[in-house]
Amino acid sequence: MTSVPARLPVDATTTNAWGSLTELSKNLRPDLRGWFAADPARAERLSHQAADLHVDLSKNLVTDDVLAALLALADEVKLTERRDAMFAGEHINVTEDRAVLHTALRRPAEEPLTVDGQDITADVQDELAKVYAFAEKVRSGEWTGVTGEPVRTIVNIGIGGSDLGPVMAYEALEPYVQDGLEVRFVSNIDPTDVAQKTADLDPTTTLFIVASKTFGTLETLTNARLARDWLWRSLVAAGAVEDSEEGRADAVAKHFVAVSTALDKVEAFGIDPENAFGFWDWVGGRYSVDSAIGTSLAVAIGPDAFAEFLGGFHAMDEHFRTEPLERNVPVLMGLLNVWYVNFRDAHTHAVLPYAQQLHRFPAYLQQLTMESNGKSVRWDGTPVTSDTGEVFWGEPGTNGQHAFYQLIHQGTRTIPADFIAVANPAYPLTDAVGDGGAVEAGADVHGLFLANFFAQTKALAFGKTADEVRAEGVAEDLVSAKVFSGNRPTTSILAPALTPSVLGQLVALYEHITFVQGVVWGIDSFDQWGVELGKKLALEIAPAVAGDEAALAAQDPSTAALIAKYRELRA
Ligand code: F6P
């Protein structure tokens, strides 16, 4: 395979830019009030357009010198070289020796891309065509279950990237879902999950999609077996199928499809490979919502909207690939994250969508960012030379305002936060009556909602001084409690509406931000070895939990005592 450029990561901490950033940080006295007063064009200068996203970076704790040094850092770590290597299909996933080509999943059909002698675009389009044909069949009612009934509920069984992307996008694009179709998502091996999600379902109108890149994930295969068992039992109980080998095979054929890169394992499970949709090892699980892993979404919103979703990803890919770095939003946001993590002692990063439909977006981003950049060694196996991945977290505004914003406003930690909003809501409602005070009769509720979006970033940036508090007549002994320091960094992202395209743009934006950070830190953002040990131990421990005394005795004292306690408590 083609060689990997810059095979050895550049140690960012040895660059000139790192030295400059260290100095700049030492001397920086953040003063957003002063900076905006001295430079009225700051907001305009530091706002950028990326596809449909308007991104305002001006409330970040950076001066022009800091930004210049961050861009110099990007240059010294050879960011663009590695970006281009990714788009070209070079094996930048070094520890797994794989190409990283999620960007090929959304590449236009007319743009071939040959990797390892294979036209990847053609492969992607073939598989997409299969997914779309299946989606049309389900949507039109042509796909029927054992009794000839059309599908009304799809249950996606998957975990991690085979769940978080589809569920996040399904919730985000709920207004686009075809009437009469519902998708549910089962992920956890906690039996409660599958039990609750199937409890009220009619098996004759239910279709399961087993989504697993490897088709070897304990949780997913266990849930798939439980679902298959539930299907058989309830179809037989309803008199819909005979309790025979053929009856069972027919039920699986008509009520189960799969998405995987391991089609042999799909077949072994009993699902006809004809009813399986594939993808490739060059798509990481957390980068796979735009592959066949999004089949449940494609059925729900239809091929046209799914194609629009892919188009949004591609628009952001093009921005990332071609825009000069000083206006390149994923590059700038990734570098800002490096600034906060490595020079301003930030440990976490909040993502706060002011869009209820994006309520699963922070959870989705947690896998994307933390499974990608939570690493302590670099892609050549040597230890990292600086802190790496920060903790990503968040909840939709305004809910978070009434929960954890206290700490963001007045706590001792620096928490950079991304605020995301859309101008046009899916459900425009007016408050006909108002409250007789601040909320006028006929008020646009989305306007009220977004007033919070604007107010929060303003409060975080500019705060409230002791003199301003005093001027409100506050008693002196309460003044300090009511002071807001300000200078708390935020980025504001505003889109016209939460369309499939805009959602694709948002996801691709964060994919590329994650990539930029990984390149600076010299880590392989596309492997996930850190999830392996726990998985292996769970399998080793399972016999002890089930009652095997020798397995119990082999555990460390704490684990053995906990398991013994569990066994004592378990009825
Ligand atoms: O355990 C982590 C992980 O490998 C993720 O990277 C992946 O998204 C998830 O498990 C599910 O894997 P699969 O799609 O192979 O079932």
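Reader: Which element gives the most to the lining of the largest pocket?

Author: In this predicted model, α20 does, with six residues in the lining of the largest pocket.

Reader: Which elements each supply at least two residues of that lining?

Author: They are α9 (218–237), α14 (361–373) and α20 (532–546).

Reader: How many residues line the largest pocket, and which lie nearest its centre?

Author: The lining has 38 residues, and T214, T217, Q528, V531 and K535 lie nearest the centre of the largest pocket.

Reader: How do the residues of this lining divide into nonpolar, polar and charged?

Author: The lining of the largest pocket has 15 polar, 13 nonpolar and 10 charged residues.

Reader: What volume does the second largest pocket have?

Author: Its volume is about 400 Å³. The second largest pocket is lined by 20 residues, and Q357, P425, A426, Y427 and H446 are the closest to its centre.

Reader: Which elements give two or more residues to the lining of the second largest pocket?

Author: Those elements are β12 (417–424) and α16 (445–462). The largest share comes from α16, with three residues.

Reader: What does the lining of the second largest pocket have by class?

Author: By class, there are 15 nonpolar residues, four polar and one charged in the lining of the second largest pocket.

How values were computed. Residues numbered from 1 in each chain as written. Predicted model: local features only at pLDDT ≥ 70, side-chain atom pairs only at ≥ 80, totals over all residues. Heavy atoms only, no water. 1 Å grid on protein atoms, 1.4 Å probe; cavity = no way out; pocket = protein on both sides within 12 Å on 5 of 7 lines; lining within 4 Å. Helix = DSSP H or I, 4+ residues; strand = E, 2+ residues; numbered from the N terminus. Nonpolar A, V, L, I, M, F, W, Y, C, P; charged D, E, K, R; others polar. Points joined across faces, edges and corners; volume = space filled by probe spheres on them.
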